[in-house]
2 protein chains.
Amino acid sequence: MPRPVDHDERRHLLTEALLRIAGTRGLQAVSMREIAAEAEVSLRVVQYYFTNKQALLESGLNELGVRMDRRVRQRVATAAGKLTPRGVFAAVLGVIVPSDEQSRLDSMAWTAYYTAALTDPALAEVGLTLPNALEDFLTARLTAAQEAGDIAPDCDPRIEVAGLLALANGLTSSVLSRQRTHEAAIEIIEYRLDRLFGPAVS
Amino acid sequence: MPRPVDHDERRHLLTEALLRIAGTRGLQAVSMREIAAEAEVSLRVVQYYFTNKQALLESGLNELGVRMDRRVRQRVATAAGKLTPRGVFAAVLGVIVPSDEQSRLDSMAWTAYYTAALTDPALAEVGLTLPNALEDFLTARLTAAQEAGDIAPDCDPRIEVAGLLALANGLTSSVLSRQRTHEAAIEIIEYRLDRLFGPAVS
DNA sequence: CCAGTTAGGATACAGTTGTATCCATTCAGG
DNA sequence: CCTGAATGGATACAACTGTATCCTAACTGG
């Protein structure tokens with residue numbers, strides 16, 4: 001064999017090229033040949049490491065999930081210790097809204113996938129399990145916080161959480177379209193959290 | 001000439017066919033030939049009434065704007081008279097979240113256009129002016145409501161409005177992906193409005 | 001050292017795309 | 001009546017798509 005090569009690394013390289021295209025020029029600009037060009041390899045190499053375009057697209061979606069997960073863990077690790085209920089919400093919601101250039105590109109790609117999933121049942125379920133899991137997780141946290149007296153007893157944790165997540169998603173849209181800056185979006189989230197958890201105790 | 005024909009009507013028919021495709025199968029499924037098939041005319045007819053695919057797409061975006069506008073007016077006319085500040089917000093936000101099958105299709109198409117606009121500067125500005133206008137309008141209303149004592153004086157109308165619009169957009173996403181029903185989304189909006197305007201005076 | 005597997009270059013193929021052209025039909029005005 | 005413009009059918013074309021095939025070079029285990 002010619003110099004043996006790490007298949008996983010190769011696939012990862014191609015997946016990154018795919019996401020770079022999807023994030024800058026959209027999912028409809030993603031073709032086998034474009035990926036090859038972006039990764040500076042030949043078309044054959046792309047075909048060699050991925051049987052299908054479908055497989056390639058799924059790999060891209062996977063990688064996006066991994067990155068999101070990594071960002072959350074990172075954020076939690078950074079602000080270690082201060083795991084106040086409010087801290088958890090600020091971390092999770094803050095990760096959803098794109099901040100730096102990289103997370104903006106990822107959000108763009110994510111949005112492209114999400115829109116595609118709306119009319120392509122093959123990707124539909126993937127875009128559903130993650131949000132639902134997140135919603136359940138946060139609802140449990142907020143219910144606990146309410147029992148501990150951290151938020152007003154007349155709040156409905158389920159609805160508050162659903163509202164906060166929808167808010168973060170909506171803000172992400174407006175940040176991507178440059179209607180709003182990242183800072184403005186964060187301000188709106190903090191404002192909401194102030195109202196929920198009482199004036200900033202951070 | 002053969003039977004003379006109303007060009008505007010013809011264009012409108014084709015535009016509707018375009019939006020039907022965009023709403024059900026996505027914008028990437030929109031081709032000249034598909035539109036022709038959907039409208040049950042020949043490819044030449046589509047070419048004849050629209051110089052470009054670009055022109056066709058712009059026409060679709062236009063029509064979506066017109067429909068949104070019509071829905072808002074309709075909603076306001078229906079609940080005529082009861083123009084409480086809260087009524088205005090319930091009407092506008094309620095129109096954003098898709099309710100019946102038609103508004104769901106339109107929302108789907110709108111989402112497709114929005115996503116496309118993120119990477120296609122040709123459509124970028126159109127998707128910006130409408131949301132901004134809406135935000136300014138509602139902010140003015142809420143500021144007035146605050147001066148009239150309808151909402152708490154320590155609220156920030158600008159941030160409240162931005163938050164409510166982002167919320168409605170986020171909820172729309174979740175309704176389109178069938179993560180949430182229309183009713184569940186409305187419940188969340190009403191909950192927020194209760195907190196803003198005090199317990200339901202409707 | 002050499003047989004055989006692995007990694008990729010080059011090219012082909014059928015389908016779809018937007019757009020352009022050629023041509024027939026139908027009617028209104030002189 | 002008949003010339004010429006309006007309407008659209010049929011077809012062509014080049015570019016692009018995903019996928020398949022053929023072939024060559026490189027290395028490794030025996």
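Which side chain of chain B meets that of A:R192 in a salt bridge? In this predicted model, where local features need pLDDT of at least 70, side-chain atom pairs count only at pLDDT 80 or more and totals for chains, interfaces and linings use all residues, residues are numbered from 1 along each chain as its sequence is written. Chains are lettered from A in the order in which they are written, and side-chain values use heavy atoms, with hydrogens and water left out.

The partner of A:R192 is B:E160, at 3.5 Å from N to O, a salt bridge being a side-chain nitrogen of Lys or Arg within 4 Å of a carboxyl oxygen of Asp or Glu. The rule finds eight salt bridges across the interface of chain A and chain B. On the side of chain A that touches chain B, the elements giving two or more residues are α1 (7-25), α6 (101-119), α8 (126-147), α9 (157-176) and α10 (182-197), helices being DSSP runs of H or I of at least four residues, numbered from the N terminus. Of these, α9(A) provides the largest share, 13 residues.

In total, 38 residues of chain A are in contact (heavy atoms within 4.5 Å) with 39 residues of chain B. The buried area, that is, the accessible area (1.4 Å probe) lost on putting the two parts together and summed over both, is about 3100 Å², with 58% given by carbon and sulfur atoms. A:L118, A:I159 and A:Y191 supply 17% of the area that chain A buries against chain B, more than any other three residues.

Chain A is superposed on chain B by a rotation of 180 degrees with 0.0 Å of shift along its axis (RMSD 0.1 Å), by least squares on the C-alpha atoms of residues with pLDDT of at least 70 in both. This is the relation of a two-fold axis, and the same surface serves both copies, as 100% of the contact residues of chain A recur in chain B.
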